[in-house]
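I opened a new structure today and kept notes as I went. The entries follow the order in which I looked things up.

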Amino acid sequence: MPFAIGRYAVTFAEYGGFYASTGRDRPDDNGWGRDQQPVIKASWHDAVTYCRWLSDQTGREYRLPSEAEWEYVARAGTTGAFWWGDRIDTDRASYDGNYNYAGGPAGECRGRTLPVAAFEPNPFGLYQVHGNVWEWCQDGWHGDYEGAPTDGSAWEETNRWRRVRRGGSWYNSPQRCRGAYRDWEGSGVSSKWGFRVCCDAPIKPPGNGTP
C-alpha cells in the first residue's frame, strides 16, 4: 500500500499548535532550542494523540509508521548498515561519537539533538533516519519477525505496552543507529524519543515537504 511519510521528525514548531489547542503542558526542550529542533520527551501515547489531532486539523488520516514502513524508507533502497554504507561518522549523523563502528572513525559527542534538517537526506529525501532522536513506530514489540504481517502493516497483537522505536539517538552508540537495529520502550518520556508521521496515498511529489 503506497504511503507518504514526513521528511523530518516532528519539530517543536509543528508540535506547538497541538499542545496549545489541547491544553497540554508545553514540552521541555532541555534548553537545546525549539523551532526546527525535533520534539523530545514524546511518549508513544503523545505521538499517537498528535496524529489524531493532526488528522482532525487537516482532514487527512495521519498515523505513526509501521516498523516495516519505517525500515523501508530509512533504507531507501540501500542495503548497508546506514543508507550511505557500512561506516558512520559524526559529519553524517548525531550520535555518541566516543564510539565507532565497523572500523570507522570516532568523532564528536554533541550530547544533544540537532535541527531536523542537519546533514544530507537519504535517497528518498528523509533527513536524520540514523541518530538524533529515536522514532516511535505503531507496532507492539515482538522479539523477531515470525508471524509478522506481510503487507507492511503494523503488528499489534501482543506486548502492546512495549512499543517499537527505531533509528537511535544523539545519546546512543552508532551500533544502535543502524537501519536494521530494533528496540522497544514503554510509554514513558525521554529526551531521546521523538517521532515522524505518515499517511496513506496519495504520495506528494518530491520537494513538497512533510505530507
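**Surface and overall form**

I note here that the model is a predicted one.

I then asked how much of the protein is buried. Buried residues make up 51% of the 211 residues. I used the cut-off of under 20% relative accessible area for "buried".

Next I checked the radius of gyration, which is 16 Å. A compact globule with 211 residues would have a value near 17 Å, so the protein agrees with that expectation. Along the principal axes, I read a span of about 45 × 45 × 35 Å for the C-alpha trace.

For charge, I found 24 positive and 27 negative side chains. The centres of the two sets lie 2 Å apart.

**Helices and strands**

I listed the secondary structure as 3 helices and 7 strands. In sequence order, I wrote the pattern down as β-α-α-β-α-β-β-β-β-β.

**Helix α1**

I picked helix α1, which covers residues 12–22. Which of its residues are buried? They are F12, Y15, G16, F18 and Y19. I then looked for what lies over them, and the cover includes α2, residues 44–58.

Just after α1 I came to G23. Its phi is positive, at about 75°.

I moved on to strand β4, residues 163–166, and asked whether its faces are covered or open. Both faces are covered. R163 and R165 lie on one side, V164 and R166 lie on the other, and all of them are buried. I noted that three of these names are arginines, R163, R165 and R166, and Arg counts as positive.

I looked up the partners of β4 next. Strand β3, residues 134–140, is joined to β4 by 3 bridges, and the two run antiparallel. Here I found W136 opposite R165 of β4.

I wrote down E185 in β5 as the bridge partner of R163.

Terms used: Residues are numbered from 1 along each chain as its sequence is written. This is a predicted model: local features need pLDDT of at least 70, side-chain atom pairs count only at pLDDT 80 or more; totals for chains, interfaces and linings use all residues. Side-chain values use heavy atoms; hydrogens and water are left out. Helices (H or I, at least four residues) and strands (E, at least two) are DSSP runs, numbered from the N terminus. The radius of gyration is taken over C-alpha atoms; the globule rule is 2.2 Å times the number of residues to the power 0.38. Buried means under 20% relative accessible area, exposed over 50%, partly exposed in between (1.4 Å probe, protein chains only). The place of a charge is taken as NZ of Lys, CZ of Arg, CG of Asp or CD of Glu. Two strands pair if DSSP finds at least two bridges between them. Contact means heavy atoms within 4.5 Å.
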